[in-house]
Amino acid sequence: TLASLNGLAIEDHIGKSVRDLLPNLSPEMERLFRQVSVERQPALKMLREASNPRTPDDVRSCLESWFPIPGEGDGPARVAVIVHDITQEKQTERELR
């Protein structure tokens, strides 16, 4: 779950913005959100390596795919994001080199 990646309880996510939850990643994620919602084009399999402010030494590797969810009319779409934690796979790759 997203909660397991960022170290917050599930209920602590409700009503929070990306800036509230992940301030170190919010500028990039907010830009991407606007791009996907306005252009209505997915952003697929994007690699992100980052830590969260609660555990700065724990760098996680994730593949993210962002999808527009069209609303009515021509206004901005809502956005769905799928995050796949691939930290262990990346660690295994580094060990095999």
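**Entry 1: Asp85 and Arg60**

I am working from a predicted model. Arginine 60 also counts as partly exposed, at 25% relative accessibility. The side chains of aspartate 85 and arginine 60 form a salt bridge, 2.6 Å from N to O. I then checked where the partners sit. Aspartate 85 is in strand S3 and arginine 60 in strand S2, 25 residues apart, and the pair links distant parts of the chain.

**Entry 2: Arg48 and its partners**

I counted the salt bridges next and got seven in the structure. I followed arginine 48. One of its partners is glutamate 28, with the closest N and O atoms 3.2 Å apart. Glutamate 28 belongs to helix H3 and arginine 48 to strand S1, so this pair ties together parts that are 20 residues apart in sequence. Glutamate 64 also forms a salt bridge with arginine 48, its closest N and O atoms being 2.6 Å apart. Here the link runs from strand S2, which holds glutamate 64, to strand S1, which holds arginine 48, 16 residues away.

Arginine 48 has 8% relative accessibility, and the cut-off for buried is under 20%, so arginine 48 counts as buried. Glutamate 64 is buried too, with a relative accessible area of 4%. Glutamate 28 is partly exposed at 41%. Through shared partners, salt bridges join Glu28, Arg48 and Glu64 into one network. I noted the general point that side chains of opposite charge can pair when their charged atoms come close.

**Entry 3: the largest nonpolar core**

I listed the largest nonpolar core and found 11 residues, including Leu8, Leu22, Met29, Trp66 and Val79. Helix H3 (26–39) and strand S1 (43–52) each supply at least two of its residues. H3 gives the most, with three. In general, nonpolar side chains of soluble globular proteins tend to be buried together. I also checked the contacts of leucine 22. Leaving out residues up to four places away in sequence, leucine 22 touches Asn6, Met29 and Asn52.

**Entry 4: the largest pocket**

I looked up the largest pocket and read a volume of about 500 Å³. Its lining has 25 residues, and the closest to the centre are Leu2, Leu22, Met29, Glu64 and Val83. Elements that give two or more residues to the lining include helix H1 (2–6), helix H2 (18–21) and strand S3 (78–85). Which strand gives the largest share of the lining? I found S2, with six residues. I sorted the lining by type: 14 nonpolar, five polar and six charged.

Note on methods: Residues numbered from 1 in each chain as written. Predicted model: local features only at pLDDT ≥ 70, side-chain atom pairs only at ≥ 80, totals over all residues. Heavy atoms only, no water. Core = buried A, V, L, I, M, F, W, Y, C linked by side-chain atoms within 4.5 Å. Buried < 20%, exposed > 50% of the residue type's maximum accessible area, 1.4 Å probe, protein only. Helix = DSSP H or I, 4+ residues; strand = E, 2+ residues; numbered from the N terminus. Contact = heavy atoms within 4.5 Å. 1 Å grid on protein atoms, 1.4 Å probe; cavity = no way out; pocket = protein on both sides within 12 Å on 5 of 7 lines; lining within 4 Å. Points joined across faces, edges and corners; volume = space filled by probe spheres on them. Nonpolar A, V, L, I, M, F, W, Y, C, P; charged D, E, K, R; others polar. Salt bridge = Lys/Arg side-chain N within 4 Å of Asp/Glu carboxyl O.
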